[in-house]
Structures are given as structure tokens and as C-alpha cells.
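Good morning, and thank you for making time for this item.

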Amino acid sequence: MKNISFKTAKNDIIAGIIVALVSIPISMGYAQIAGLPAAYGLYGSLIPVLIYAFTTTSPQFVFGVDATPAVLVGGTLSALGVTSGSEEAMKLVPVITFVVAIWLLIFSLIKAGRIVNYISTPVMGGFISGIGITILMQVPKLFGGSAGTGELIELGIHIWGQLQYFNVLSAVLGFGTVVIILVAKKYIPKFPMSVVLMVLGAMATAFLHIDRLGVKLLPHVDSGFPKLMVPDFTLLKTDTSDIIILGLTCALVIMAQTLLATNNYANRYGYKVDNNREVLAYSLANIASSVSGSCPLNGSVSRTGIADQFGCKSQLMSVTASITMLVVVLFATPVLEYLPV
């Protein structure tokens, strides 16, 4: 935490609050992609983020529930025949997260951080593009349908089938939100438009009762600190090879993707990061996520960009983000139920 100073603390705190608020819909959405109830995305943004803040050597990178591991875990659950959001999924995902953490710990011990020097840009670009296509499975939610699973052709078939649930108001809200965020990002990049749209969405439900017009709302989230748990390792007996291979894949992707982005920021602002210490931080944060019942965590390029826009210079940003999310989980979860899907 050596980068903290009174001169930059104000910007770090503001950036942390904004990152936490933006993380609410992001983390809840990706938790559902990973097969968990939405609340576990919030739980993965508490203790794990705090642990990362105190162990990372990067003063400004954001770590938390993100797309890549969520998609990998969700796809594997589908292949294993595990229903998303079921009791079985809630028991299995933390085990997967713990296996990911162990792989990351092994990578740290053998100093595998140097692997980022051998990853080509086309390979990483292709991988991220594939993740983007997989996230398209969430498209039906934009017009009132439900998300699907499977490959690209299955996605098209699923979207066609979900058109029977098409709701005009949901479509206006969903696609309108995407357009507004993209335009705001281009012309007013420092304005927290995502947070503003969340507030407006909640107000539309509270005062205009858009849920009565067929607009789906986020599910109920119990208030209070998450119950810490020991993962049920007996589940490894049935799907051992699948879980270990998935854990290895997730760990490799988390290490490569996050280290590449972290070093990019380090080069841009003229400081150094310790790659092996970073991988250790990823491991410890994922152990905390497993104990919290959540999914594997990854570096977030988009939220790091938001923190950077607000002048973040130290890990105080991540500490603030964790504390802000704690306040949300303890006192503000009833408000989340007013947010349109």
C-alpha cells in the first residue's frame, strides 16, 4: 500500500466507490453466467478484493468477478449436466474456484509469470473474441427472454425461440442502455453513466411500476455478510478430471490475461510489477472467493479503465471498492430488487 498519499487519496476513494457501484450489475450478471445465484457475484467482490488489494504489486488494477472464468465455468457446468443456479451448482462452483486457486499458487511457486512473454497477440485476441461471442448467450435478456447455453448455432436457435417472450418495453430498456453506455463512453468517458442508468432503472420500477408491464427484475438478495464455507471436496470424486482440467484452463487464462493487462498499465505509467507476486495475489483472492461460495475471479480491464479515468493511483481504490460493496450487501440489497434485468 506504499503508493497511498494524501494528494491522491481523494481520487482513489472516488474511483473505488464508482468501481464498486459499476461492479454490482457486472458481478451479479457474471455470477449467473457461472451458474450461481446473482448474490454470489456481490460476495465475490468483498473479502477477495480486499485480500487482492493488500497483496498485489499493481497500484491500480481491478480484480473481481469477470467474464472469462465465468464463461468457462458456466460452459463446463452445462457439459456436466449441472443446472445453473441449482444446489448442485452452488456446491460445485466453489470447489472449482478452489482448484483454480491451487493451480495459481503452483504457478506462483514455479515462477510461471514469465509465460506472458510468449503469448502472441492474435492468440489472446482470438480467445477474448470467443469469450465475447459466448457472452452473446445473454442477448435474450435484453428483450425479456432468458439466457441460453451452447455454441453459436444453438445461440441463434435459442434467440429465435425466445422471441415469443419479446417485451417492447424490455427491449427499449435493454438495447437503449447498451447504446447510451457506448455513446457516453466515447463523449463523456469520466461520467459514471452505468451507475446513473442503474439508479434510473430502479426509479422506473419504484415510481412507474414497469414490472407490471412485463419487465423482469433482479432476484431477491438477502442482506448480510456472506456465510463463509469450506468447499465440498467430496464432489471431486465424481468429476475429478473435468474439474482439474477446467481449473488448469481457468488458472492459465486468469494469469495470462490479467498479467498482460497489468503490465500494460505498468509500462504506460512507468512502474514495475512483480509477476510472480501478482499470481500469488490472484491465488489468495480466489481462495477467499471459494470460501465465500463464489466463482473464479479475474482481472477486469473495463473496470480498471474506469478507475484510471478517475485518477486512481493506489490500492486504496480496491480497499474502498470492497468497503462500498460491504455497505451495499449489508444495507442496500432491497434496492437491487428494483433493478430491471
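Asp 308 is buried, with a relative accessible area of 17%; here buried means under 20% relative accessible area, exposed over 50%, and partly exposed in between, with a 1.4 Å probe and protein chains only. This is a predicted model, in which local features need pLDDT of at least 70 and side-chain atom pairs count only at pLDDT 80 or more, while totals for chains, interfaces and linings use all residues. Residues are numbered from 1 along each chain as its sequence is written, and side-chain values use heavy atoms, with hydrogens and water left out.

What does Asp 308 form a salt bridge with? The partner is Arg 268, and the closest N and O atoms are 3.6 Å apart. The pair links distant parts of the chain, 40 residues apart, with Arg 268 in helix H10 (residues 240-269) and Asp 308 in helix H12. Helices are DSSP runs of H or I with at least four residues, strands are runs of E with at least two, and both are numbered from the N terminus. Arg 268, in turn, is partly exposed, at 48% relative accessible area.

A search of the whole structure finds two salt bridges, the criterion being a side-chain nitrogen of Lys or Arg within 4 Å of a carboxyl oxygen of Asp or Glu. In the other case, Asp 66 pairs with Arg 303, with 3.2 Å between the closest N and O atoms. Asp 66 and Arg 303 are both buried.

I turn now to the fold. The protein contains 13 helices and two strands. Buried residues account for 49% of its 341 residues. Along the principal axes, the C-alpha atoms fill a box of roughly 55 × 55 × 40 Å.

Val 100 counts as buried, at 0% relative accessibility. Which residues is Val 100 in contact with, leaving aside its neighbours within four places in sequence? They are Gly 247, Cys 250, Ala 251, Ile 254 and Pro 296, where contact means heavy atoms within 4.5 Å. For Cys 250, which is 150 residues from Val 100 along the chain, the C-alpha separation is 6.4 Å.
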